[in-house]
Amino acid sequence: MGGLTWRVARVLDTHQENASARSLHLHVPGWPGHRPGQHVDVRLTDERGDQAARSYSIASTPQGEHLTLTVVRVQDGEVSPYLVDDARPGDQFEVLGPIGGYFVWDAPGNAPLLLVAGGSGLVPLMCMLRARFTRPHGVPAALLYSLRAPDDTLFAHELDDYARRDASFVLTRTYTRTAPPGWTGLTGRVGATTLATVTTRPAGTPEPTAFVCGPTGFVERVARTLVELGFTPDHVRTERFGPTGRTA
Amino acid sequence: MTDKPLVTRGFRGRLRDTDPARLPPGQYVTSDFPVLSAGPTPTSPLARWDFSVYDDDTLLTRWTWAEFLTLPAEDVTTDIHCVTHWSKYDTRWRGVRLDTLFDLAGRRAPFVLATCDGGYTTNLTLEDVLGAKAWVVYQYDGHPIEPEHGGPARLLVPHLYFWKSAKWVRALKLIQQDHPGFWEQRGYHNHADPWKEERYWED
Ligand SMILES: Cc1cc2nc3c(=O)[nH]c(=O)nc-3n(C[C@H](O)[C@H](O)[C@H](O)COP(=O)(O)OP(=O)(O)OC[C@H]3O[C@@H](n4cnc5c(N)ncnc54)[C@H](O)[C@@H]3O)c2cc1C
């Protein structure tokens, strides 16, 4: 087994993460395993033979033939509304993967981990964090999570729990439109000031490896700012979920 | 690939009217221009930009930005196909054919390695880039190419998946032996023909 071929995925169960996001727990016979950060291509076919394919990151750490995708609904989208609203246990579709050989993290060496997520860009970074927390002495890790409003929050309990349990994991959220009542943390878009709070480190400690994921504009801005703050470009790995926000 | 596609209950596609002679298998048409890059977008001031052709490690010729703009250029309107399944029709570019660059450099070799700002590389066969099939372009839709889309100059090889159209290209290296590039070493197909769905290794 092992090659990249389309495999049948069956929905085992689903978990509503918030009003616009859902996790799908899949069984994929023959799944060869994956590395944190990788994604699958999902292909849907309707009874007329019409097909659509999109990429979705794998949220779960390797667990045999099981994988979890977490999908945020894009209004009027072709594929995400099906995955968030219509798919139910027993449904089947095809997946191709695992895909991606660069935006991956296998806990190499002892470089700290800096994760910067915008919206659904949290999904592949969550897989990396989950992998880090399966180890007793994970490298220092920081997550800066930019989201529009409290209703968009993904994996809230799990993240807060990680932050409580382990002082070497620093969790920072910033709300770009609406903050929760009584919020005293960060608000507004991620920029140099926000990033500086998570990138300052004691002299002599190794440069973190940064993984940045989210909408294209977000990733462009964050990656550029990290370089301006002194990161070596090849320590900044990016994945852009689209769209550009304009039609050029 | 499975022989007969598996029908997914509850899914209804958009059923766009797509011409199978124009849209490669597994692609959908978008009016967006999504971006796929592995890292930060490099910035190359035009005053320091130049473009080189090498024979292996020997420099054959090098142009400054101003010199490059004087080379014979042409307008190209073409469909492009990204490995992440989107295709975009009738994109408009302006740039210099690779035929022209190699003629001016006075050399040919069976393989070409494109090298870019940011350390990216992509490999191509000579056959895939000669005969008005590949360009170094510096305008998109009548304007300078935006940095996130590969400006100031990128490769355009529209008959292959779009990662072969390397962004921020700075040099072409003529080589005797094929040498997999950045994405080609990381799971993406060495050749990348969208009509054969050459997306990934072992595909
Ligand atoms: C490598 C990779 C991994 C990805 N992983 C995930 C993941 O784990 N979870 C997840 O939810 N998504 C993920 N995406 C995004 C996903 O592939 C789809 O692009 C997304 O679900 C929209 O598809 P759609 O068919 O619903 O919308 P489409 O029919 O493609 O688009 C409908 C309209 O919405 C716009 N649009 C497209 N994408 C977005 C967006 N992200 N935000 C706002 N507007 C948009 C389009 O421009 C279009 O106008 C990933 C993308 C990539 C490239």
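In which strand of chain B does Asp90(B) lie? Asp90(B) belongs to strand β5 (residues 86–97) of chain B; helices (H or I, at least four residues) and strands (E, at least two) are DSSP runs numbered from the N terminus. This is a predicted model, in which local features need pLDDT of at least 70 and side-chain atom pairs count only at pLDDT 80 or more, while totals for chains, interfaces and linings use all residues. Residues are numbered from 1 along each chain as its sequence is written, chains are lettered from A and ligands numbered from 1 in the order in which they are written, and side-chain values use heavy atoms, with hydrogens and water left out.

Backbone geometry comes first. Most residues other than glycine have a negative phi, and most peptide bonds are trans. Asp90(B) is not a glycine, yet has a positive phi of about 50°. With 48% relative accessibility, Asp90(B) counts as partly exposed (buried means under 20% relative accessible area, exposed over 50%, partly exposed in between, with a 1.4 Å probe and protein chains only). Trp168(B), also not a glycine, has a positive phi of about 55°. Trp168(B) sits in the loop between β10 and β11 (169–175) of chain B and is buried, its relative accessible area being 4%.

Each chain also has a cis peptide bond to describe. In chain A, the bond from Gly97(A) to Pro98(A) is cis, with omega near 5°, and Pro98(A) is placed in strand β6 (residues 92–99). In chain B, the bond from Gly151(B) to Pro152(B) is cis, with omega near 10°; Pro152(B) is in the loop between β9 (143–144) and β10 (154–156).

The next element is helix α4 (residues 192–199) of chain A, where Thr194(A), Leu195(A), Val198(A) and Thr199(A) are buried. They lie on the same side of α4(A), because they cover an arc of only 125° around the axis, taken from the directions from the helix axis to the C-beta atoms. Exposed Thr193(A) and Thr197(A) are on the face turned away from that buried side. The buried residues of α4(A) pack against β7 (113–118), β8 (141–147), β9 (169–175), β10 (186–187) and α5 (216–228) of chain A, where contact means heavy atoms within 4.5 Å.

Two packed helices are described by the angle between their axes and the distance between the axes. The axes of α4(A) and α5(A) come within 10 Å and cross at roughly 60°; axes are lines fitted to C-alpha atoms, for helices over the stretch in contact, and angles run from 0 to 180 degrees between N-to-C directions. The two helices are therefore oblique to each other (angles under 35 degrees count as roughly parallel, over 145 as roughly antiparallel, 65 to 115 as roughly perpendicular and the rest as oblique). On the α4(A) side, Ala192(A), Leu195(A) and Thr199(A) meet Val222(A), Thr225(A) and Leu226(A) of α5(A).

Strand β7 of chain A holds Val116(A), which is buried, with a relative accessible area of 0%. Leaving aside neighbours within four places in sequence, Val116(A) contacts residues including Leu144(A), Leu195(A) and Val222(A). Val116(A) and Val198(A) are 82 residues apart along the chain, with 9.7 Å between their C-alpha atoms.
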